[in-house]
Each structure stands twice: as structure tokens, then as C-alpha cells.
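Hi,

Here is the structure I promised to pass on to you. Please have a look at it first, and then read my notes below.

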Amino acid sequence: ADLPDDEAELERWLGEPLRAVVTPAVAYLTNKRGYPTLSRRHQAALARLLQHKPRLLVSGRADAHSEGLGAHVQYLRYLVSQRLAPSQQERYEAPYYDFLQAPLQPLQDNLESQTYETFEKDPVKYERYERAVYLYLCQRHQPGGEPAVVMVVGAGRGPLVAATLRASAASGRRVRAFAVEKNPNAVVTLRGRCATEAGWDAVTVVPGDMREWEAPVLADLLVSELLGSWGDNELSPECLDGAQRYLKPGGASIPTDYTSYVAPLSSSRLWNEVKHFKDLAHFETQYVVKVHNAYPMCAPQPCFVFTHPSDARTVAEIGAIDNSRVAQLSFDVPLGGELHGFIGYFHSTLWDDGSEAVHISTEPSTESVGMFSWFPLFIPLRTPVLVPEGGRVEAAFWRNASRHRVWYEWALTEPQPSPIHNPNGRSYHIGL
């Protein structure tokens, strides 16, 4: 009936296929009215386990209370009824718990209107972008001066354009904005906003691929939201490399950098979801997933880092940029368990003017609370591996790039070596 002293022991249970929680009658206290109750610590532990909707059982002698074990059952029903109602964000995320989704193919697929609409409701992301543009304008431009040329690359239906215009009004600095977008359906929306919304007369809509457009003027600032669940896994480096041809010397980018993070993950639920496909290719694919029934075995570590803009400007210089990366990481795992793969996050600096920095992040220690545009990334292993108590997990991760595609490879080296997953992008890649 005693709970473990180490809270991580309870966390580990959250990664197991939990079906029932048994509460022994001897674990209950007796309140002033003579009825069974649980200690605050037991209540808190049970509330966390209830996230996975297990069956609740009571074990013990029938004479544990004058009303039998029924009094304990009634108390558990009361605890369940007192749970806080889910927040709006929790209601939005619940259908996606442990649901595997392949990452976007941003240059091959056009987003549907409903997807844009969902992302545009994010209460945190666009407020952070607006603040970043505001700080940039205040730092680099003067009130009443020449308009700052701002190019929003991958503009979608215009939320970043709108954030830029609000930042312009708040800072008292004028802007001349270009909205570059390849999705023809989103271009229709952008043109409609230019025709009907106040302030949008300063916006020029550019239909087409940002890497191919020949800009009429050079930009002071590039603004983009091309990040994926693992930072660089939706081709942000390649897209921004191509777009910086039309950036002035000394020009800036929002975001200025982004770093992917990764941690060992125990989750038989997610691993079995992949196993259901019954082929190797799905074990060599990375998945966007709202991780729920899982246990991160230790804190994440930085993996791949990208900064923008680079010094390259000509086509030849840009073509010579190497966005390949390799990272060899070692993780100390305090509590043992079964390793099923890795969980990926990102952290991005949108702007830092020296006195204030604006970030967006899914990495737990710096998470942007309330932001739901990105779920973590699940990187599966073909075969689960048992990690001993106080053990070590060592793994290598590769980001590979060619002229026509980008792909990731990964392999475990400790506590036992695994095959290299997805060699040469044989099972999954992102097309350029």
C-alpha cells in the first residue's frame, strides 16, 4: 500500500499498458466520520494514474468497514467525480493521444483549409512571433524612417503577415510586406485579405516557391514558420537557404535558430501501434504523436542545431551549404525499463535583442505552455531493449541531405547495438 519514495517510479507506470489500479483496503485512512479516505499523496498518485482511464479495484477483507468494501468503492467514485474538467487544449489534444501521424511533406503537399484553421487558433505561437517582430523593428529601424521590407515565406493564409502588421503598428515603424506562398488555395485567401482588411494594402502576395522567386527588392527581414516537430524535419533549413538569396547584407531571420532535442522513451503502446503495420518500413519512419501512455526515461539532450541567416547569398554559395548533421548522444537512465524508441522535441529562438529573447519550444524544460501547433516526434526502435537500473543509453542520429530529398537515420549502440534504421532513406524521406 506504500507509494515509492521516488516519484519517477510512479512516472514509469505511466508508460505501461495500464488496465487496472488495485487499492488495498489497508491503504485507506479513516476520516472524522468514520469513512475510508486516502492520504493526499495517494490521492495525487491516483489522479495521475486516472489519466489513462484504468479500472479501479478495491482489495481486502469484507469487514474492513461496517459497510464492507462498498464504502471504499463509493469513495473512489467520489474522487473520480472531483477530477477537474479538461481544459480547452486538453479537449483538443485528447483525440490525438498516442495516435501516429507521418510528418508533413511540406514541399510536395498543400495543407487543407481545416489544417490551417486549426494551427491559426494557437494562442501562443503568433503572440510570440508578433513580439519577436516588434523587438526586431524597434532595434533595427527608426520611427518615420524608410519602411522595413519584411518577407513572410510560407505565409499560409496570413497569420504571420497579420502578426507583422500588428507589430508594425505597435512599434511605430512602417513595413512593406511580401507574403510568399506556393499553395494556390491559400493564395486566394491572402488576396482576399489584401482586398478587405485594414492595413493589408502594404502587403504584396507572391504565389510560388520561395526558393525560385526572383524578388524585386532585397529584404531586411525573413519571417517563417517552417519548423516541424523535431525542428528541422520539415525542411526549414533547405527552404530558408533558398530564400536568403533576397536578403540584404546584414539582414535578419525570424527564427534565428532552432535545436532538436531527443530522449529515450519507454512506451509499449506506441511501439505496438507501429508493430501493427507488420513491416519494417514503419519501424524506420518517424511519427508526429501526442505522447500520452509513455515514460521519458531521462531528460532530453540537444541533437541538431541550425542558425539563420548564413553568409551565403549567391546560387553557388547556397548550393554549397551542407545541412547534413550527425549526433552521438549518451543518456544516463536512473530507473531501468524497456526502451522502445526516442521522443523528439525542439527549441527555437525567434529573436534576441540582447535584453529580451523570444522563444517557442516543445522541449519540456523550456516548453511554451499552451502552444499546441506541434506535437513531439516518436522515433521507434525495431526491437525493444531492456535498460538496467542506473544504466546508460547511447545512440547515434544522422540527418542526411541530397539534391532531391532529406532523410534521417538512427541506431542504438548501448546497452546493445541495433541495426541502422532507415539507411539511405529506404523507408522514409522528405522530398525537396
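What follows is a short tour of the charged residues and the nonpolar cores.

Please keep in mind that this is a predicted model.

Let me begin with the salt bridges, of which the structure holds 21. One of them joins Glu11 and Arg48, whose closest N and O atoms are 1.9 Å apart. This pair links distant parts of the chain, with Glu11 in helix H1 and Arg48 in helix H2 (residues 40–49), 37 residues apart. Glu11 is partly exposed at a relative accessible area of 29%, and Arg48 is partly exposed too, at 21%. Both belong to a network of salt bridges that also takes in Glu7 and Arg41.

Another bridge pairs Glu284 with Arg426, at 2.7 Å between the closest N and O atoms. Glu284 sits in the loop between helix H10 (268–275) and strand E11 (287–288), and Arg426 in the loop between strands E19 (405–414) and E20 (430–431), so the pair ties together parts that are 142 residues apart in sequence. Glu284 is buried, with 0% relative accessibility.

Arg211 and Asp209 also meet in a salt bridge, at 2.8 Å from N to O. Here Arg211 counts as partly exposed at 27%, whereas Asp209 is buried at 17%.

Now for a charged residue without a partner: what does Glu181 do, buried and with no salt bridge? Its nearest side chain of opposite charge, Lys182, is 5.5 Å away, beyond the 4 Å limit for a salt bridge. The side chain of Glu181 instead reaches two backbone nitrogens, that of Gly156 at 2.6 Å and that of Asn183 at 2.9 Å.

Beyond its sequence neighbours, Arg12 is in contact with Tyr295, Leu335, Gly336 and Glu389.

On to the nonpolar side. The largest core has 86 residues, and Trp230, Ile254, Val262, Phe342 and Phe397 touch the most other members. Helix H6 (residues 125–140) gives the most to this core, with 7 residues. Apart from it lies another core of 15 residues, among them Leu270 and Trp271. Helix H6 reaches 23 Å from its first C-alpha to its last, close to the expected 22 Å, and its buried residues include Tyr129, Val133 and Leu137.

Best wishes

Definitions and conventions. Residues numbered from 1 in each chain as written. Predicted model: local features only at pLDDT ≥ 70, side-chain atom pairs only at ≥ 80, totals over all residues. Heavy atoms only, no water. Buried < 20%, exposed > 50% of the residue type's maximum accessible area, 1.4 Å probe, protein only. Lys, Arg positive; Asp, Glu negative; His and termini not counted. Polar contact = N/O pair within 3.5 Å; in protein donor to acceptor, adjacent residues only side chain to side chain. Contact = heavy atoms within 4.5 Å. Core = buried A, V, L, I, M, F, W, Y, C linked by side-chain atoms within 4.5 Å. Helix = DSSP H or I, 4+ residues; strand = E, 2+ residues; numbered from the N terminus. Expected span 1.5 Å × (residues − 1). Lists of a residue's contacts leave out its neighbours within four places in sequence.
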